[in-house]
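Here is a short briefing to read alongside your structure. Keep the viewer open and follow the topics in turn.

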Amino acid sequence: MKAMKKMVMWVCSLAVAVSLAGCSASAKDAEKDQVLQALNECAVYASDVLLDSAGKSRCDYNMILGQWFPYEEPWHTGQIILGLVDAYRVTGNKHYLDAAERAGKWWIGLEIKDNPKLEGMVAATHGDSRGNDHIVFSTVSDGSHGLFELGKETGNETYTRVVTDAITWMLDNMYAPELGVCYDIVELKTGEVLKTDRDNLGLDLRPNTEGSPFYDAYLVTGEERFKDAHILLANSLIEKQTPEGAWMDYHPNDKEEGTFHPRFNLWYAESLLEAYELTKDRKYLEAAAKTARLYARAQRNDGTIYYDNYVDGRFDKGSICGSAVAFAGILWMRLAGYGYDEFVPNYERSAQWLLVNRYAQDHPDPNVRGAVVNTRYRNKKGRVWLTQRDVGTSFGLRFLAQYYTLKFGK
């Protein structure tokens with residue numbers, strides 16, 4: 001009798017264990033489907049709404065006026081390309097790669113061929129406060145990685161050649177190793193690199209490792225000078241990093257106000273990870289982790305990161321920055337991969353935030369359906385501007401693709 005009871009208890013325990021395992025598997029499958037659905041919805045939005053007929057990003061959507069406004073189109077378009085290539089690699093949906101190629105063709109169409117002084121450079125003009133007469137370093141570099149990845153995925157060497165030529169021009173003309181920085185602005189007509197702020201353009205001499213252009217150029221060409229430049233600038237970043245983990249001496253951070261930009265410092269931290277890949281020196285990881293901790297402090301319990309954050313811990317709820325949620329999440333995932341497990345809760349919060357903070361598929365305004373929430377609220381010229389920005393979705397694509405691969409494989 002006792003033996004029979006033990007057998008019954010064992011069978012029941014086994015049944016419960018199997019049931020729990022089944023529930024766990026079902027929960028994981030449900031999460032996998034949810035992440036994949038979010039990735040696809042963002043990719044469709046990026047392909048069919050964010051890119052215009054010419055292939056460039058529409059950039060900023062004013063939700064009050066119902067109008068799109070351009071803003072640094074080369075780097076915004078490059079980020080969409082990168083997000084779509086990542087989405088294609090996960091889903092295999094050719095529509096996303098085709099859209100990325102449409103955008104890539106627009107981007108390489110910026111190649112300058114009629115000015116000997118700028119030959120090989122691209123006309124990546126800022127288009128906002130600095131106008132359309134000046135090429136800006138980061139307007140090229142922030143979009144450059146997407147072109148490298150597109151060239152890698154398609155086998156079309158034209159994408160790689162054009163972006164490598166532009167980065168070579170910047171290395172030859174804008175890199176100032178003796179200062180540990182790069183010059184920021186080039187006159188489109190003359191090809192002159194501005195070394196003084198004579199036109200009140202807000203000239204910045206910055207390390208300018210955003211997008212890691214010299215790192216990517218090194219991987220493609222094998223030329224040591226690109227590697228040397230990336231490492232020198234990474235060392236400069238470490239020297240210039242403030243105790244909070246930011247680079248407060250450089251725009252768009254505001255040292256006087258104590259505010260740090262929601263993405264700028266993340267670009268630099270990401271480039272430090274590439275320096276680690278080249279050298280295996282953990283000082284780069286430690287510096288990147290300092291930045292990651294700053295953004296971890298800025299992240300709210302529900303995963304939100306606002307646009308305006310202060311190094312003393314204050315924040316302003318006026319604008320919600322989905323691109324920072326995603327980009328910080330990318331950095332946190334990478335650092336966790338290097339053993340910084342402290343950031344696992346942060347990227348999990350980012351994941352949950354991105355799954356629930358997207359515009360509905362049946363939203364009455366088709367200009368935002370499927371987009372990741374990324375608002376910018378300002379008073380401009382006596383008018384309220386409430387903008388939904390494209391970068392929420394482009395960085396969201398990058399995060400969701402990386403998160404899906406991390407959690408579920410390919």
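A residue is called buried at under 20% relative accessible area, exposed at over 50%, and partly exposed in between, using a 1.4 Å probe and protein chains only. At 34% relative accessibility, Glu223 is therefore partly exposed. This is a predicted model, in which local features need pLDDT of at least 70 and side-chain atom pairs count only at pLDDT 80 or more, while totals for chains, interfaces and linings use all residues. Residues are numbered from 1 along each chain as its sequence is written, and side-chain values use heavy atoms, leaving out hydrogens and water.

**Helix H5**

- Helices (H or I, at least four residues) and strands (E, at least two) are DSSP runs, numbered from the N terminus.
- Helix H5 covers residues 157-173, which is 17 residues. From its first C-alpha to its last it reaches 24 Å, close to the 24 Å expected at 1.5 Å a residue, where the expected span is 1.5 Å times one less than the number of residues.
- Asn156 caps the N-terminal end of H5, with a side-chain oxygen 2.9 Å from the backbone nitrogen of Thr158.
- Buried residues of H5 include Tyr159, Val162, Ile167, Trp169 and Leu171.
- The buried residues of H5 pack against several elements, among them helix H3 (94-108), helix H4 (137-154) and strand E6 (185-187). Contact here means heavy atoms within 4.5 Å.

**Where H5 meets H7**

- H5 and H7 pack at an angle of about 65°, and their axes are 12 Å apart. Axes are lines fitted to C-alpha atoms, for helices over the stretch in contact, and angles run from 0 to 180 degrees between N-to-C directions.
- The crossing of H5 and H7 is left-handed, a term for a near helix turned anticlockwise from the far one by less than a right angle.
- On the H5 side, Ile167, Thr168, Leu171 and Asp172 take part, and they meet Arg225, Phe226 and Ala229 in H7.

**Salt bridges**

- Side chains of opposite charge can pair when their charged atoms come close. A salt bridge is a side-chain nitrogen of Lys or Arg within 4 Å of a carboxyl oxygen of Asp or Glu, and by this rule the count comes to 22.
- Asp172 and Arg225 form one of these, at 2.8 Å from N to O. Asp172 lies in helix H5 and Arg225 in helix H7, so the pair ties together parts that are 53 residues apart in sequence.
- Asp172 is partly exposed, at 48% relative accessible area, and Arg225 is partly exposed too, at 37%.
- Arg225 also meets Glu223 in a salt bridge, at 3.0 Å from N to O.
- Arg293 pairs with Glu342 in a salt bridge, with the closest N and O atoms 2.9 Å apart. This pair links distant parts of the chain, 49 residues apart: Arg293 is in helix H9 (residues 282-298), and Glu342 is in the loop between helix H10 (322-337) and helix H11 (344-356).
- Salt bridges that share partners join Asp86, Arg89, Glu149, Lys152 and Glu153 into one network.

**Where H10 meets H11**

- The axes of H10 and H11 come within 8 Å and cross at roughly 145°, and H10 passes H11 in a left-handed crossing.
- Contact residues include Gly322, Val325 and Trp332 of H10, together with Tyr347, Ser350 and Trp353 of H11.

- Pro366 sits in the loop between H11 and strand E10 (375-380) and is partly exposed at 43% relative accessibility.
- Pro366 and Gly109 are 257 residues apart in sequence and 29 Å apart in space, C-alpha to C-alpha.

Note on methods:
A polar contact is a pair of N or O atoms within 3.5 Å; within protein, one must be able to donate a hydrogen and the other to accept it, and residues adjacent in sequence count only if both atoms are side-chain atoms.
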